[in-house]
Amino acid sequence: PLSVMQNQPKDAGAPSAKKGKIPPKQQSKCLSWSWLFVGSIIIVAALAVWRPMMTRIPIDSKVKSVSQVDLGRYLGKWYEIGRMPFSFENKCVSDVTAEYQLLKDGRVSVVNSCTLESGERKVDRATAEIVPGSNGSQLKVCFFWPFKGDYWVMKLHPEYQWSLVGEPKTRFLWLLSRTPTLPQAEITQAVEAARAQGYDVQQLIWTKHSAVPQK
């Protein structure tokens, strides 16, 4: 213990450190833990301020979710028909899919997959929670804690054959289908719905699927 070491006479092999001072090595450790503690406080405080700002809905947002989604019918596999640029998919070249399954705790398991240029399949996993009061049309998706993103079903086929998914800040948009292709009339309907809700549909990227012959 430090107190015992300080009371020993010098000729008894006591350390050369002056009384009351912490040896350099131990001082360094204390300093490191202090900075770690202070850093943790700063990060927590920053998240407390930043997270509400990230999730706040713009006052002038035109984006609206549908009145209700039957989660039981919505679960399962979806094929991406088109999307706006999204960092998680920058390296995806084809065969983008999303699969949703209900977990025991009431959350939804999200598995997004795509084919890379190398031919390998890239898989991203997340969990989603239904936003209270949204009747299943709005979810919060978390790929890594503590960050969550909005998932709003903006337009939905009556038979759940396709879904237009976005978020209130119009940064992200997906057109999903139960099949790798959609009739052009259905695509046009979805695109016009996105345009009416403030999206720049010129940014849409159309997804290729290996099961569909390319023209």
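1. First, the ground rules. This is a predicted model, in which local features need pLDDT of at least 70, side-chain atom pairs count only at pLDDT 80 or more, and totals for chains, interfaces and linings use all residues. Residues are numbered from 1 along each chain as its sequence is written, and side-chain values use heavy atoms, with hydrogens and water left out.

2. Let's start with the rings. Rings of Phe, Tyr and Trp (its six-membered ring) pair if their centres lie within 6.5 Å; planes under 30 degrees apart count as stacked, over 60 as edge-to-face and the rest as tilted. That rule gives nine aromatic pairs. In one of them, tyrosine 74 and tyrosine 100 are stacked, because their ring centres are 6.0 Å apart and their planes are at 15°. This pair links distant parts of the chain, 26 residues apart: tyrosine 74 is in helix α3 (residues 71-74) and tyrosine 100 in strand β2 (residues 92-102). Helices (H or I, at least four residues) and strands (E, at least two) are DSSP runs, numbered from the N terminus.

3. Are these two tyrosines buried or exposed? Tyrosine 74 is buried at a relative accessible area of 4%, and tyrosine 100 is buried too, at 6%. Buried means under 20% relative accessible area, exposed over 50%, and partly exposed in between (1.4 Å probe, protein chains only).

4. Now have a look at phenylalanine 86 and phenylalanine 172. With ring centres 5.3 Å apart and planes at 70°, the pair is edge-to-face. Phenylalanine 86 lies in the loop between β1 (76-83) and β2, and phenylalanine 172 in the loop between β7 (162-166) and β8 (173-177), so the pair ties together parts that are 86 residues apart in sequence. Phenylalanine 86 counts as buried at 13% relative accessibility, whereas phenylalanine 172 is partly exposed at 25%. Both belong to a cluster that ring pairs build from Phe86, Phe88, Phe143, Phe172 and Trp174.

5. There's also a charge to point out. The charged end of arginine 178 sits over the ring of tryptophan 78, 3.8 Å from the ring's centre. The test is NZ of Lys or CZ of Arg within 6 Å of the ring centre and within 35 degrees of the ring normal.

6. Finally, the cysteines. The structure has one disulfide, a term for a pair of cysteine sulfur atoms within 2.5 Å. Cysteine 92 and cysteine 114 form it, with their sulfur atoms 2.1 Å apart. The torsion about their S-S bond is about -65°, so the disulfide is left-handed. Cysteine 92 is in strand β2 and cysteine 114 in strand β3 (residues 108-116), 22 residues apart. Both cysteine 92 and cysteine 114 are buried. Cysteine 142 also counts as buried, at 15% relative accessibility.
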